[in-house]
Amino acid sequence: MASFTNRGTKKKPSWQYVISRMVNGKSKPIRKGGFHTKKEAEAAAAEIESELRKGIVPQMDPIPFDEYFESWVKVFRSDVGENTMARYKDSINNVKKYFGSKPIQQITKTAYQSFLNDYAKDGDKAKATLKKINTHIRACARDAIDEGIIRVDFTRDAKFPGREGKPKEEKHLDYGESEKLLDALMDNPNKTLTLYLILLGLTSGMWYGEIVGLTRKDFDFVNNTININKTWGTLKKCIKDSDPQKIHNLYGKLK
């Protein structure tokens with residue numbers, strides 16, 4: 001049963017509820033104050049009592065959002081790949097930068113949308129980038145709801161104000177454009193490593209990550225084949241044992 005007390009004044013009321021609760025034979029009441037009206041306190045207390053009847057013990061102690069998010073990543077995303085983990089760490093840094101130690105219980109939909117709006121302006125982010133960080137935080141928020149730490153999914157119906165990404169037709173060359181580029185590269189007298197990499201991608205159809213992930217043992221110059229068995233992540237360090245001369249020799253065979 002809950003009791004209610006105005007701990008403020010008549011002009012500036014501050015209502016508090018106290019819910020009686022016994023844990024292992026000891027009294028451990030749940031208290032929360034700061035409500036402007038008694039009705040607000042009653043509504044909040046009713047939610048807590050409803051959860052207690054369902055066996056859900058609400059988390060009343062404030063938990064810094066950045067600490068909870070970082071802990072959540074360590075527990076629930078420990079098995080992701082190196083590149084994916086690097087993106088999660090980037091999301092953690094952005095949460096630390098914007099929210100700091102603000103309790104996750106105090107993150108509202110308005111506060112979260114303001115974060116996305118500011119994040120979009122920082123470096124002119126694309127919508128796809130905002131959607132990625134939102135995916136990380138949304139999963140965290142939903143698990144926080146399951147744990148009884150928060151009651152509202154503050155990421156629900158979030159808007160992504162970033163700039164639009166390039167349309168698909170602008171992300172690749174058509175056949176005619178590919179032919180023009182190939183002719184220009186072949187006629188270029190300055191055969192640099194960059195030129196060979198472009199030629200290799202153009203003539204083989206390999207992705208950038210696959211090209212720069214190649215190592216010496218991947219080239220079979222007897223059968224004139226390449227073994228593509230890995231990619232180089234853009235968030236990793238450059239693979240140091242790539243051999244430009246090997247690419248040069250392959251280019252000589254291709255031509």
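Q: What makes the pair formed by the backbone oxygen of aspartate 90 and the side chain of asparagine 94 a polar contact?
A: In this predicted model, the backbone oxygen of aspartate 90 lies 2.8 Å from a polar atom of the asparagine 94 side chain. A polar contact is a pair of N or O atoms within 3.5 Å, one able to donate a hydrogen and the other to accept it within protein; residues adjacent in sequence count only if both atoms are side-chain atoms. Side-chain atom pairs count only at pLDDT 80 or more, local features need at least 70, and totals for chains, interfaces and linings use all residues. Residues are numbered from 1 along each chain, and side-chain values use heavy atoms, without hydrogens and water.

Q: Why is asparagine 94 called buried?
A: Its relative accessible area is 12%, and buried means under 20% (exposed is over 50%, partly exposed in between; 1.4 Å probe, protein chains only). Asparagine 94 touches Phe115, Tyr119 and Ile133, leaving out residues up to four places away in sequence, where contact means heavy atoms within 4.5 Å.

Q: Why are H3 and H5 called roughly perpendicular?
A: Helix H3 (residues 82-98) and helix H5 (residues 127-146) pack at about 80°, with axes 10 Å apart. Angles of 65 to 115 degrees count as roughly perpendicular (under 35 roughly parallel, over 145 roughly antiparallel, the rest oblique), so H3 and H5 fall in that class.

Q: Which residues of H3 and H5 meet?
A: Arg87, Tyr88, Ser91, Asn94 and Val95 in H3 meet Ile133, His136 and Ile137 in H5.

Key:
Axes fitted to C-alpha atoms, helices over the stretch in contact; angles between N-to-C directions. Helix = DSSP H or I, 4+ residues; strand = E, 2+ residues; numbered from the N terminus.
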